[in-house]
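Here are some notes for a colleague who is opening this entry for the first time. They take up a pocket, then a sheet, then the cavities.

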Amino acid sequence: MPYLCQMKKYAITDWLPTTAKEVKRRGWEQLDVILFSGDAYIDHPSFGPAVVGRIFESFGLKIAIVPQPNVRDNLQDFTKLGKPRLFFAVTAGSMDSMISNYTASKKPRDKDAYSPGGEWGNRPDYASIKYSQILKKFYPDVPIMIGGIEASLRRVTHYDYWSDRLKPSILIDSGADLLVYGMGEQPLREIVRLVERGVPFSSIKTIKQTAFLLNKDEKMPKNKHWEDVYIHSHERCLKDKKAFAQNFKTLEVESNMMTAKRRIIQEIGDKTLVINPTYSAMTEKEIDAAYELPFTRMPHPKYRKRGPIPAYEMIKHSINIHRGCFGGCSFCTISAHQGKFIASRSKESIVKELNQITEQEDFKGYISDVGGPSANMYKMQGYDLSICEKCTAPSCIHPVVCSNLDTSHKDLLDIYKTVDAHPKVKKAFVGSGIRYDLVTPSFNKKADPKELEEYLEQLMLRHTSGRLKVAPEHTSDRVLKMMRKPSFKYFHDFKRIYDKLNIKHKLRQQLVPYFISSHPNGDMEDMANLAAETKSMGFQLEQVQDFTPTPMTVATVAYYSGYHPYTLQKTKTVTSRKEKLDQWKFFFWYKPENRQWIKDKLLQLGRKDLMQILLGKDSYQSKRRNKPRKKPCKQSLHQKKRRKK
């Protein structure tokens with residue numbers, strides 16, 4: 001493995017301990033916190049379990065990680081480190097365990113990107129619940145705190161696609177005592193401060209970004225700065241899908257407030273769920289501190305003989321420059337977990353990490369990504385933050401770009417150029433997706449068109465590998481409205497700019513669009529139109545996916561309930577496996593085995609007009625494959641005229 005040489009620089013004690021032997025090497029008799037994780041232990045700031053572990057360490061706690069404990073043997077992984085002084089911490093890892101384990105068609109995946117060798121089966125279904133239940137069995141008196149994306153997105157009544165039913169807050173099934181949702185740095189600081197002062201874990205009820213259960217006869221903890229908002233009970237949601245849909249609007253609005261002040265309360269049987277308000281986005285100083293913790297930036301040495309960990313190999317030479325996303329896409333969970341307000345790192349912090357990467361022995365001069373959840377949102381925020389304080393909109397750029405939003409790419413360009421100028425960097429790629437609408441003047445009307453073109457030019461010339469990936473997601477305006485994405489006409493505008501720059505700089509770069517099938521509010525005819533329109537543009541689609549309902553998204557609520565959570569209007573949804581597969585087939589019009597099926601389906605839809613486009617031989621130039629045409633030279637034009645004569 002390429003990182004083995006670099007491992008020799010470190011002692012085993014440079015990683016957080018994972019075994020009793022490693023704990024003893026530090027001279028510790030008892031641990032303060034033991035963290036159980038569904039991921040392999042990768043000591044890198046891109047992986048949540050490592051960040052949480054290092055945060056505990058920075059507070060002076062004796063912390064160990066038990067990565068991917070075995071739940072199928074005698075469960076010795078849950079007892080080998082003994083009983084912690086303070087509490088257990090549990091996370092399913094960097095992904096919801098069900099998304100990690102299964103495809104959109106509910107088939108088991110072949111690989112787990114967060115396991116050594118990509119080996120599947122090291123993470124149980126509903127990992128946060130499974131780990132917590134086992135720990136409660138062995139140590140019923142030790143508090144358990146759950147967190148990470150799985151716990152975060154399942155903190156309230158939610159639809160679980162894999163069991164096809166509504167489930168209550170994950171606190172019910174897991175038996176955990178406290179749930180930390182969203183990014184954990186801020187609440188963890190307060191939790192540790194209180195428990196170290198001797199405050200019982202059961203009394204920690206007023207920390208932001210936490211959730212817990214009360215017995216119905218218990219009094220609600222007091223906080224004079226917060227208001228209470230009650231949502232429909234879990235039992236009501238089970239009986240009334242519209243009530244479930246109504247709940248979501250409250251949840252999303254409160255998750256995306258700049259300064260949240262409302263506590264969400266829901267009754268679940270004989271319990272009361274309390275979800276405290278969120279913190280404001282991290283300051284530059286706070287987010288810098290998180291990335292400057294003493295990471296080795298490598299997997300634990302225990303994996304050296306088990307093969308590379310795919311997720312690590314993908315990001316080991318990448319730099320995450322910000323958190324949060326204000327796009328508000330209805331199928332995405334980023335804003336529900338990270339929030340819509342951007343928390344950006346300082347240039348100094350980014351350069352410091354860049355220097356660390358370039359000193360690694362396996363670094364060959366290439367940075368794989370300089371980005372974030374949406375790569376081109378760095379440093380973007382409102383001009384007047386007092387307006388943002390009052391805003392309840394889930395997106396800052398849908399249906400139009402907010403007039404108060406500063407979308408300047410100037411600071412981001414400075415970062416690109418700084419990374420590019422580093423003497424040890426041959427090329428720095430932007431691997432995470434950009435919001436193409438933010439760099440399209442016809443959509444982002446208040447931005448400086450020259451600055452947007454400069455950004456796109458820099459991106460194309462210096463930071464792509466010949467393929468730029470963007471996500472228009474669909475071509476139907478009705479579906480795109482549901483998705484909170486711009487009209488497809490703006491993608492046409494973007495492509496014209498992209499093609500013009502290709503010609504200007506004599507490039508032959510390819511534009512690779514992402515699309516989703518079976519999204520709520522879309523039907524078979526929409527997919528047929530999508531296939532025809534993209535084919536006419538010269539695309540043979542490859543970056544495609546079937547809509548997968550995940551907890552805490554608008555689209556998932558609409559998928560299950562049949563109602564849009566904001567308007568409560570009925571929404572068409574495709575739910576059967578056959579219907580989903582039929583929509584998916586339109587992506588692959590170019591496969592011979594699909595031709596007859598597409599012909600029959602178009603006749604059934606009464607769309608003979610699309611038949612020539614999708615099935616005709618002359619409508620798609622397979623050799624072109626979305627490569628921009630070069631302007632003909634004068635000589636070739638003269639030769640054409642002579643041939644005509």
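1. Helix 15 provides the largest share of the lining of the second largest pocket, namely three residues. The model is a predicted one. Helix 15 covers residues 385–390. Two further elements, strand 16 (343–344) and strand 19 (381–382), also give two or more residues to this lining.

2. The volume of the second largest pocket is about 490 Å³. Its lining is made up of 26 residues, and those closest to the centre are Met258, Phe341, Ile342, Gln381 and Leu385. Sorted by class, the lining holds 16 nonpolar, seven polar and three charged residues.

3. Nine strands form an open sheet with mixed pairing, in the order 3-1-4-5-8-9-12-11-10. At its edges are strand 3 (63–67) and strand 10 (227–230), each of which pairs on one side only. From one strand to the next, the twist averages 25 degrees.

4. Strand 4, residues 87–91, runs parallel to strand 5, residues 144–147, and the two pair over four bridges. Val90 has Ile146 of strand 5 as its bridge partner. As a general point, the strands of a sheet pair through backbone hydrogen bonds, in either a parallel or an antiparallel sense.

5. Which strands does helix 3 touch where it packs on the sheet? Helix 3 (residues 48–58) is in contact with strand 1 (33–37), strand 3, strand 4 and strand 5. The direction of helix 3 makes about 175 degrees with that of strand 1.

6. Helix 8 (residues 185–196) packs on the sheet as well, touching strand 4, strand 5, strand 8 (178–180) and strand 9 (210–215). Between the directions of helix 8 and strand 8 the angle is about 145 degrees.

7. Last, the cavities. How many cavities of 30 Å³ or more does a search of the whole structure find? The search gives six. The largest cavity has a volume of about 280 Å³.

8. The lining of the largest cavity consists of 25 residues, with Gln209, Tyr279, Ala281, Gln338 and Gly339 nearest its centre. Helix 13 (residues 334–338) gives the most to this lining, four residues. By class, the lining has 11 nonpolar, 11 polar and three charged residues.

Terms used. Residues are numbered from 1 along each chain as its sequence is written. This is a predicted model: local features need pLDDT of at least 70, side-chain atom pairs count only at pLDDT 80 or more; totals for chains, interfaces and linings use all residues. Side-chain values use heavy atoms; hydrogens and water are left out. Two strands pair if DSSP finds at least two bridges between them. Axes are lines fitted to C-alpha atoms, for helices over the stretch in contact, and angles run from 0 to 180 degrees between N-to-C directions. Contact means heavy atoms within 4.5 Å. On a 1 Å grid over the protein atoms alone, a cavity is a set of points where a 1.4 Å probe fits but cannot get out, and a pocket is an open set with protein on both sides within 12 Å along at least five of seven lines; lining residues have an atom within 4 Å of a point. Grid points are joined across faces, edges and corners, and a volume is the space filled by probe spheres set on the points. Ala, Val, Leu, Ile, Met, Phe, Trp, Tyr, Cys and Pro count as nonpolar, Asp, Glu, Lys and Arg as charged, and the others, Gly among them, as polar.
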